[in-house]
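Biologist: Please show me the structure. I want to know what stands behind the terms you use.

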Amino acid sequence: MKFAVKKALSSSGARVGVLEVGSCPAPIETPALLLATRKGLPHFISPELLPSLPSPDSNLLQVSPLHFLEGLSTTTISKIGGLHQMLGLKQHGIAAVPRDSIQCLPESKAATRLGASFETPCGRLLIKPKDYIEMISCMKPNIWASLADEVPAWVSEKRNKTSVDRTLRWLDDCISLYPAAGSIFGAIVGGTSLEERKRCAEEVAKRNVSGYWIGGFGLGEGIDERPALLREVMDILPDEKPRLTCGLGLPEEILQGIAAGIDLFDSTYIYSLTLGGFALTFSLDKSGEQHNLQSDQIGSDSTKINLRATAYRKDMSPILENCTCYTCQNHTKAYINHLLNVHEMLAQTLLEIHNTHHYLRFFHVIRAAIQDGSFEEFRQAFLESRREHFKGEAIST
Amino acid sequence: MYSLVRFHPVMRNSIAIAVPLRLRPNISNTLPHHKFRPTCFHSHEGHTISCVPYSAPQTKPMALHFEILGRFNRARAAQLTLPHFVCQTPLFMPVGTQGTIKGLTNNELERIGCQIILGNTYHLALRPTSELLEEAGGLHNFMNWPRAMLTDSGGFQMVSLLHLADITEEGVTFQSPVDGKPMLLTPEESIQIQNRIGADIIMALDDVVKTTITGPRIEEAMYRTLRWIDRCIAAHKRPHDQNLFGIVQGGLDPELRDICVKGLVDRNLPGYAIGGLAGGEDKDSFWRVVAQCTAALPEDKPRYVMGVGYPLDIVVCSALGADMYDCVYPTRTARFGTALIPEGVLKLKHRAMADDTRPIDPTCPCMVCKNYTRAYIHCLVTKDAMGSQLLSYHNLYYMMRLSRNLHTSIVEGRFPKFVCDFLQTMFPKGDVPEWVCNAMEVAGIDISSCCAPFPSCQEKYSSDEIGTNDIHMELRLTHTSYRPTRNLEI
């Protein structure tokens, strides 16, 4: 894995970089989105349709090794030859992170000094560094985060301090066990404590890692608390190594993370939208302005539409007129509305394709704004006009 | 009316290039000559199969053209030209009950090689309603499916799904599942709904009776089916671009079947279906009815055996002279974790699969078998949507491959060898079921090389045998009698 910063803005921490991952056909520009997966493949998008997403933007996937504990042994994965071979995704970059924010959630109460605890569909699991490294060495991802003890925002100071101590110790374990597979990203935790975040970042920065995985977000902290915490961490981390984070999913959170200097994001936003029958429609205008698109439908606002609404029963137009995704090029809102009504899986497939495509385009527009030097204005315009619409809809309904 | 732009993703291992194709909406009411194009059917192995130059339709306007390209005794391989697509028979039609084949996109279906898909009138009339489909320009437009489509009459679902359905001379009376109101589906109404949906082939409303029933009800149903066909024909508003198929009923009684066939043939319909089977009758009766009907139905029109089914049954029926099949089996069994393979079935839920790193079927060139192992699919099936998507893909690919192989082996003059290879792979011990042997004898195909010296009845088997067999040899259970609605897969 190779990473280089191409342009960094002085006004904020935002930067455009280039990530080269062994298996990907072309270098990937950052800030970039990692697609969420279940057992290595997208939840609904079939491998046949993955190439229809923008490439190479869509070539990065986030995989949780814990998913495979449900039915697939590490020896078998090894025998097959690792994740890329097993998933038939030889041209994709895979980042292994235990937490997937949907079904594998860190359970801080059950964590011990021996390992981190996760709630998974197989029950509560205690993952020790040794087991984790065994998984990683069999799976051979391109990038992997070290094992972290993530805690929610409301734990005591003592518990928070313990989590930092454990995370650092496990990082050292991971490094010494050296799975000889992929690039290690050191995990940085510290909850909502500025001192602990700083301490953790300083310690991790001393270790020989290829990048940083900033955890502990999306676990109960307020969105306004985050900028300070991020800044504390970013000020310490060297610029030339990539930063990956977890738990920042909404557009506002993505922008917040990018402004702080994060390069890689996973997001469960797309999955939640898809399950809810929503399709993203927010404007991808490069000024950031969110024009009022469709604010009069039930359950919809100008950023997304709810395709379950009966208003779409006869709507023979695509979700977005000039979207080039497979869904918008081939199907209408009426068809998706029907599929949702009759509980057909194809609805989720089509929505996941569109939503992923739209979000990847969002990242593309952001990168262009950073290159232009207009990122701060973009962000301001985006946030304010979005807030205006939400306010307007809240008042009118 | 919007215009659809098709997106063709290129082979998955290269960078995707958007190649938009303009697709004309299919709302013409005249015979759409311009849609016809001579088709070379390409197998995924790369061979070109029977590239037949398109022959101009006859002067009388027809919505269907059936041309036999090859034969072996009763078996035939043909080109079936429909308003939306030129198909090769024998063919299998996947069932897309509610306007979609569970979880698969149109472009995947095309990749797999689906030529015709089936829509269920009953379900579609409920949601999204035939009126909405008509407004959308027909189900083709609504789904954006560019190839051919067939709709059934709605009668079967009604009888099998609704507890309080009752059949009278007028039609099928039932309680609406939406609001409990009493409703009536008449032959006229069924045809009208199907006219609005707009499929290439529509089915007459028939009086369906399970073959396990005996007595005068069967005779009543058969005669009523004949009376109803006239009402269907009268009600049919689009004979120039929709083909109305009649359905032969009569239970397992050869005389009744004969009367029904003659009555339908008299009406000179574009095609005929053999109905009332695939409902629990024993295999021996099943093949005899198919054989009798295929012998009596006209040569130059397609024959559709409804509700079939298992690959073995398709091979036998094709040997006896049938052309078209439909069944929910491949996609339904995929959702229970069962894959179709030449040896029979493979139950991917089984613990033994958890460390089996072979592909589902080493001889299968589909995307699933080329990329995934049994172990990986095992960890997905019944737990994640992707598992049933991948298995449905493979199973349908298997059925399309079987259809293609049937067609090409007949055209290339090697049908008997294909049948023997098929049976040898499925019954390596030579224990071909007796009913198959009998059917093949009537079909004039020598399968003695596949049969063990003393072929015996397969209804009984010893428990030792099951223990020593591979798990996927449980196919014996599936082949003693026909019960597609029961969950054999569990």
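Modeller: Start with B:D326, which touches B:F92, B:M93, B:V95, B:L118, B:Y304, B:V305, B:M306, B:G307, B:V308 and B:G309, leaving out residues up to four places away in sequence. Contact means heavy atoms within 4.5 Å. This is a predicted model: local features need pLDDT of at least 70, side-chain atom pairs pLDDT 80 or more, while totals for chains, interfaces and linings use all residues. Residues are numbered from 1 along each chain as its sequence is written, chains are lettered from A and ligands numbered from 1 in the order written, and side-chain values use heavy atoms, without hydrogens and water.

Biologist: What makes the link between the side chains of B:D326 and B:Y304 a polar contact?

Modeller: A polar contact is a pair of N or O atoms within 3.5 Å; within protein, one must be able to donate a hydrogen and the other to accept it, and residues adjacent in sequence count only if both atoms are side-chain atoms. The B:D326 and B:Y304 side chains are joined at 2.7 Å, so the term applies.

Biologist: Why is B:D326 called buried?

Modeller: Buried means under 20% relative accessible area, exposed over 50%, partly exposed in between (1.4 Å probe, protein chains only). B:D326 has 10%, so it counts as buried.

Biologist: Is B:D152 buried or exposed?

Modeller: Buried, because its relative accessible area is 9%.

Biologist: Which residues does UniProt list for "active site"?

Modeller: The unreviewed entry lists B:D152 and B:D326. They span 175 residues in sequence, yet no two of their C-alpha atoms are more than 10.6 Å apart, so they gather at one spot. UniProt positions follow the numbering used here, feature names are shortened, and annotations may be inferred rather than shown by experiment.
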